[in-house]
Amino acid sequence: LVSNADVLRQAQTELARLKLLDAKDSAIAELKNYKSADDYRTAQQAELAEAIEAGRAAIDRAADVDAVAAAVAAAQAEMDQIPTDAWLSEQEAAAALIEAKANAKAELEGYKAAADYRSSQQDERIRILNSGTMAIENAQDIATVTAALASAKAALDALPTDAQLTVQETAAMLESAKADAKAELNALFRASGQDGQEELSA
């Protein structure tokens with residue numbers, strides 16, 4: 001004969017089994033919906049699928065509701081470690097920005113040789129380089145890096161080199177010599193009494 005106690009124990013066992021099955025079904029559904037595959041790249045979607053499958057297996061092996069909850073938590077923690085497309089894009093953009101800054105600084109440093117400038121221009125050259133380097137370093141995107149580099153190079157282009165100053169000085173000396181020569185000839189004309197001689201214009 002089956003006693004009332006046996007019936008009660010069987011009922012309790014069946015109830016616990018049903019609760020565990022329900023908990024497992026809910027846990028598997030929760031795991032499937034925890035992350036959206038659309039947020040991941042192809043390689044990471046495969047990792048996500050593997051983590052879900054591993055979590056499902058752990059849930060299936062769970063002997064009680066607490067073990068089910070632990071399996072879900074472990075699987076979700078694993079899924080949290082898989083990088084999303086957005087996260088990877090951020091990392092790639094950051095790496096590209098660092099590389100762009102390094103390249104821009106190197107290009108600026110080598111754009112003009114210090115030896116091309118006189119000592120009187122060196123301080124301004126250094127100021128331009130320092131200002132340009134700081135602007136590049138503070139840039140928040142590659143477009144700003146490019147603009148900062150172009151601005152610094154333009155400033156260096158506007159700073160006269162020794163060769164440019166020499167050309168300017170030579171031209172000024174030539175103009176001065178020409179003016180002096182014309183003035184001297186005009187003075188000679190006037191001194192010789194050649195009033196009819198048209199004076200040379202400066």
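How many positive and how many negative side chains does the chain have, and how far apart do the centres of the two sets lie?

1. **Charge.** The chain carries 19 positive and 35 negative side chains, and the centres of these two sets lie 3 Å apart. This note concerns a predicted model, and the values below should be read accordingly.

2. **Fold.** Seven helices and zero strands make up the secondary structure of the chain. Along the sequence the pattern reads α-α-α-α-α-α-α. The radius of gyration is 42 Å, well over the 17 Å that the globule rule gives for 202 residues, so the chain is more spread out than a compact globule. Taken along the principal axes, the C-alpha atoms fill a box of roughly 160 × 30 × 20 Å.

3. Of the 202 residues, 23% count as buried. The chain exposes about 13,400 Å², of which carbon and sulfur atoms supply 55%. Among contacts with a separation of 6 or more, 76% are between residues 24 or more positions apart.

4. **Salt bridges.** Side chains of opposite charge can pair when their charged atoms come close. The structure holds twelve salt bridges; the points below treat some of them.

5. Arginine 56 and glutamate 53 meet through their side chains in a salt bridge, at 3.5 Å from N to O. Both residues belong to helix 2 (residues 42–61) and are three residues apart, about one turn of the helix. Arginine 56 is partly exposed, with a relative accessible area of 26%; glutamate 53 is also partly exposed, at 45%.

6. **A pair between helices 4 and 6.** The side chains of lysine 153 and glutamate 107 form a salt bridge of 2.8 Å, N to O. Lysine 153 lies in helix 6 (residues 142–158) and glutamate 107 in helix 4 (residues 85–109), so this pair ties together parts that are 46 residues apart in sequence. Lysine 153 is buried, its relative accessible area being 19%, whereas glutamate 107 is partly exposed at 38%.

7. **A pair between helix 7 and a loop.** In the salt bridge of glutamate 169 with arginine 118, the closest N and O atoms are 2.7 Å apart. Glutamate 169 is in helix 7 (residues 162–191) and arginine 118 in the loop between helix 4 and helix 5 (119–138), so placed that the pair links distant parts of the chain, 51 residues apart. Glutamate 169 is partly exposed, with a relative accessible area of 36%, and arginine 118 is partly exposed at 23%.

Key: Residues are numbered from 1 along each chain as its sequence is written. This is a predicted model: local features need pLDDT of at least 70, side-chain atom pairs count only at pLDDT 80 or more; totals for chains, interfaces and linings use all residues. Side-chain values use heavy atoms; hydrogens and water are left out. Helices (H or I, at least four residues) and strands (E, at least two) are DSSP runs, numbered from the N terminus. The radius of gyration is taken over C-alpha atoms; the globule rule is 2.2 Å times the number of residues to the power 0.38. Buried means under 20% relative accessible area, exposed over 50%, partly exposed in between (1.4 Å probe, protein chains only). Contact means heavy atoms within 4.5 Å. Accessible areas come from the Shrake-Rupley method with a 1.4 Å probe; for residues, only the protein chains shown count as cover. Lys and Arg count as positive and Asp and Glu as negative; His and the chain ends are not counted. The place of a charge is taken as NZ of Lys, CZ of Arg, CG of Asp or CD of Glu. A salt bridge is a side-chain nitrogen of Lys or Arg within 4 Å of a carboxyl oxygen of Asp or Glu.
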